[in-house]
Each structure stands twice: as structure tokens, then as C-alpha cells.
Amino acid sequence: GLSDYIRHLVMANEVDFSGSVVAIQQQLAKIRLSILYHSRIMFLQIPFYTTIYLSDFWFPGKVNWIYIVFQILFTGAFTGLAVWFYINHKPENLHKKWLKSMVNGSGGKYIEKALAFYNELETFKQE
């Protein structure tokens, strides 16, 4: 959680912009992968949010069985969704629009812009 955000900030501050373009690209790609893996783990929390409103009123058996079945199905659906996101949240799928927008929302947009800028610089240097 918070330790990952701090680690990402430290990694971003450690980027040496006076070094070679390739080294900078490697450092930025490392940060992007770290953000991707962090958001991958964060999706595993989704099913727990479906139980946030449960209280001692629900247990032991003070509610109708229909509510319990609904809660099990609701949490089960979100568990399936979380597992699907976890499985599909990998670098090979970073080209897909849904994953790219999620990573960009976690700070990856700035890393992507920096990588694009350095790719342009590398192309300019080769010309």
C-alpha cells in the first residue's frame, strides 16, 4: 500500500537524468513495471469492499437467508472479477486500453510520457 507509493517516489527521485538515454529508459521502465505489479496486488482487495457494511446484526442468523445468498453471490462475483484482473494484469497486456488507463491512473501516465520523450530524443540523436 503506502510503502509501495513511497518506494515509487524514491525510485522516481533516483532517476539520473544526466546519464545515458538507455539507462534512463531502463529506470523509467522499472518504475512502470513496479506500478503495474502494485496495482495488480491492489485488485485483490476488491472482494473485501463488498463486506464493509456487514455488522453483528447479520450474524448469527438474524437476517433472512436470501440476504446471505445475495451476499455470497455478490462477494463471489467480485472475487471472480478480482482474480480475472489479477491474472490479466501483466506487462504483456499493457498495450490493451483498459489496462493502460488503469496504470495511467496510478501514475503510469507520467512515466509513459517520459519514456516517449526519451524515445524521441534517441531517434533525434540517431538522425
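These are legends for close-up views of a predicted model. Local features need pLDDT of at least 70 and side-chain atom pairs count only at pLDDT 80 or more, while totals for chains, interfaces and linings use all residues. Residues are numbered from 1 along each chain as its sequence is written, and side-chain values use heavy atoms, with hydrogens and water left out.

**View 1. Helix α1 packs against helix α2.** Here α1 (residues 2-13) meets α2 (residues 21-42) at an angle of about 170 degrees, with the axes 10 Å apart. That makes the pair roughly antiparallel (an angle over 145 degrees). Axes are lines fitted to C-alpha atoms, for helices over the stretch in contact, and angles run from 0 to 180 degrees between N-to-C directions. Helices are DSSP runs (H or I, at least four residues), numbered from the N terminus. On the α1 side, look for Asp4, Tyr5, Arg7, His8, Met11 and Ala12; α2 brings Lys30, Ile31, Ser34, Ile35 and His38 into the contact (heavy atoms within 4.5 Å). Sorted by class, that contact has five nonpolar, three polar and three charged residues (nonpolar being Ala, Val, Leu, Ile, Met, Phe, Trp, Tyr, Cys and Pro; charged Asp, Glu, Lys and Arg; polar the others, Gly among them).

**View 2. Ile31 sits in helix α2.** Ile31 has 3% relative accessibility, so it counts as buried (under 20% relative accessible area, 1.4 Å probe, protein chains only). Leaving aside neighbours within four places in sequence, Ile31 touches Met11, Ala12, Val15 and Ile111. Met11 is 20 residues from Ile31 in sequence, yet their C-alpha atoms are 6.7 Å apart.

**View 3. The largest nonpolar core has 13 residues.** Such a core is a set of buried Ala, Val, Leu, Ile, Met, Phe, Trp, Tyr and Cys residues joined through side-chain atoms within 4.5 Å. Leu28, Ile31, Val103 and Ile111 have the most contacts inside this one.

**View 4. Helix α4 runs over residues 65-88.** Gln71, Thr75, Ala82, Phe85 and Asn88 are its buried residues.

**View 5. His95 lies in the loop between α4 and α5.** With a relative accessible area of 61%, His95 is exposed (over 50%). Gln26 is 69 residues away from His95 in sequence and 18 Å away, C-alpha to C-alpha.

Note on methods. Helix = DSSP H or I, 4+ residues; strand = E, 2+ residues; numbered from the N terminus. Parallel < 35°, antiparallel > 145°, perpendicular 65-115°, else oblique. Expected span 1.5 Å × (residues − 1).
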